[in-house]
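Biologist: I would like to learn how to read a fold by its parts. Where do we begin?

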Amino acid sequence: MKIILSGGGTGGHIYPALSIAQELKERDPQTDILYVGKKGSLEEKLVQRAGLDFKTVRVKGLPRKSINMKSVQAIIELLKGTRDAGRILKDFKPDLVVGTGGYVSAPILLKAQRMSIPTLIQEQNAYPGKTNRLLARKSSYVALSFEEAKNYFPSQVKPVFTGNPIREDFLTLTKEEARKNLDFDLYEPMVLSFGGSGGQEATNEAILSLVELETDPDFQLVHITGNAHYEKFMARLPEDYNKDKYIFLSYSHEIPSLLSLSSLVVSSPSAIALAEISAVGVGSILIPKPYTAGNHQFYNAKSYEGAGASLMIEEKDLTGQRLLNTIYSIIRDKEKQASMAYASTHLGNPRAVEKIVDLIYELV
């Protein structure tokens, strides 16, 4: 079996594709997989680190608002990219092309559909990206992570609710193993706070304010600032802040361990973060980033809040006091904490990648 995977721009599009690749290889090590993306991109780095073959196409993202010269340049680049894609398809001869979103996936999927090669789209968010909405019309299946997403696709689209693929660590790690993976001591209740891999300035500001407001909280807080914000963040902390209760990291490779030990999570609601939060079954306070494409994080957060798994605070309403009060409203109410964790568990699908690969096998 020969499969092309494509998706990029952010980890939210790339990691699901890598999870699909891993599952394909586990089922049949002879599966021939090629990843198609943009030269010099994040997907190129991550895919090569994963040991997969990688080919490039030329492509630029369309401006989100007005039609201008950049739009024309993006269309010209897309046409060049479809020519690149045509050469790749003729050379590799895939049985199926899988797209996980981001404009980088457009050339290879468009060309595959024109050549009558089956395509499958995986959509991570409650509000689908424009690339996936465009390409869904001629795809064999669209694998959804949120039921609400089907409302944004044309009626002829075949949606299948699969959930979002996540790493196996989130499903198999025990709390004992998790504690051994950390180089600092944790005790419950522990609140984990992070704003995605790059951090979130609004959340960092709120945490700084929270530390000044509450010197001895009822919980232990582990906050990840993001590499770019860490030094500035640490320089603004009070010199005498409570180091037993507050732990600050620039980045962590141990998110599975931290999540498994958390009583509550404060996070931006990226699709990947929500899938990981649901995999371990924990309630959350969600702070959507308003500048994401289509404001999709807001829709993700609304879905989780509506199901009772989360409380949402928009950035425009976020303060240290508001965040502290919201944390206490959950941490000090064990019944509420338990009900949110239960709802969170039932929103995720820990076997999402298996369902997606089942669809791939069905089509091939």
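**Reading the sheet, the helices and single residues**

Modeller: Phenylalanine 194 stands opposite serine 267 in β11. Keep in mind that this is a predicted model.

Biologist: Which strands pair there, and in what sense?

Modeller: Strand β8, residues 190-194, pairs with strand β11, residues 264-267, in the parallel sense, and four bridges join them.

Biologist: In what order do the strands of that open sheet run?

Modeller: Read across the sheet, the order is β10-β9-β8-β11-β12-β13, six strands with parallel pairing. The edges are β10 (246-249) and β13 (310-312), each of which pairs on one side only. From one strand to the next, the twist averages 15 degrees.

Biologist: Which strands does helix α8 lie across?

Modeller: Helix α8, residues 201-213, lies across β8, β9 (220-224) and β10, and its angle to β9 is about 150 degrees. Helix α11, residues 271-280, lies across β8, β11 and β12 (284-286), and runs at about 180 degrees to β11.

Biologist: Now a single residue. Is phenylalanine 248 buried or exposed?

Modeller: The cut-off for buried is under 20% relative accessible area. Phenylalanine 248 has 7%, so it is buried. This residue is found in strand β10.

Biologist: What does phenylalanine 248 touch, apart from residues up to four places away in sequence?

Modeller: Its contacts are Ile207, Val211, His223, Tyr230, Phe233, Met234, Leu237 and Tyr241. For a distance across the model, take glycine 101: its C-alpha is 32 Å from that of phenylalanine 248, and the two residues are 147 places apart along the chain.

Biologist: And serine 257, what is it in contact with beyond its neighbours within four places?

Modeller: Serine 257 contacts Leu173, Ala178, Asn181 and Leu182. It lies in helix α10, residues 255-260, and counts as buried at 1% relative accessibility.

Biologist: Let us turn to strand β1. How many of its residues are buried?

Modeller: Four of the five are buried, so β1 is largely enclosed by the rest of the structure. β1 pairs with strand β2, residues 32-37, in the parallel sense over five bridges. Within that pair, lysine 2 has aspartate 32 of β2 as its bridge partner. β1 also runs parallel to β4, and four bridges join them. There isoleucine 3 is partnered by leucine 96 of β4.

Biologist: Which hand does the unit of β1, α1 and β2 have?

Modeller: Those three elements make a right-handed β-α-β unit.

Biologist: How should I read the buried residues of a helix?

Modeller: Start from the turn: an α-helix has 3.6 residues a turn, so residues three or four places apart point the same way. Now take helix α15, residues 352-363. It has twelve residues and reaches 17 Å from its first C-alpha to its last, close to the 16 Å expected at 1.5 Å a residue. Its buried residues are Ala352, Val353, Ile356, Val357, Leu359 and Ile360. They cover an arc of only 150 degrees around the axis, which puts them on the same side of α15.

Biologist: What do the buried residues of α15 pack against?

Modeller: They pack against β1 (2-6), α1 (11-27), β4 (96-99), β5 (119-123), β6 (141-144) and β7 (159-161).

Biologist: Which residues are buried in helix α12?

Modeller: In α12, residues 296-306, they are His296, Gln297, Asn300, Ala301, Ser303 and Tyr304. Down the axis of α12 these fall within an arc of 155 degrees, so they line one face of the helix. They pack against α11, β12, β13 and α14 (334-347). After α12 comes glycine 308, with a positive phi near 85 degrees.

Biologist: Where is serine 116 found?

Modeller: Serine 116 is in the loop between α4 (106-114) and β5. With a relative accessible area of 65%, serine 116 is exposed.

Terms used. Residues numbered from 1 in each chain as written. Predicted model: local features only at pLDDT ≥ 70, side-chain atom pairs only at ≥ 80, totals over all residues. Heavy atoms only, no water. Helix = DSSP H or I, 4+ residues; strand = E, 2+ residues; numbered from the N terminus. Expected span 1.5 Å × (residues − 1). Buried < 20%, exposed > 50% of the residue type's maximum accessible area, 1.4 Å probe, protein only. Arc of directions from axis to C-beta. Contact = heavy atoms within 4.5 Å. Pairing = 2+ DSSP bridges. Axes fitted to C-alpha atoms, helices over the stretch in contact; angles between N-to-C directions. Right-handed = clockwise from strand over helix to strand, strands pointing away.
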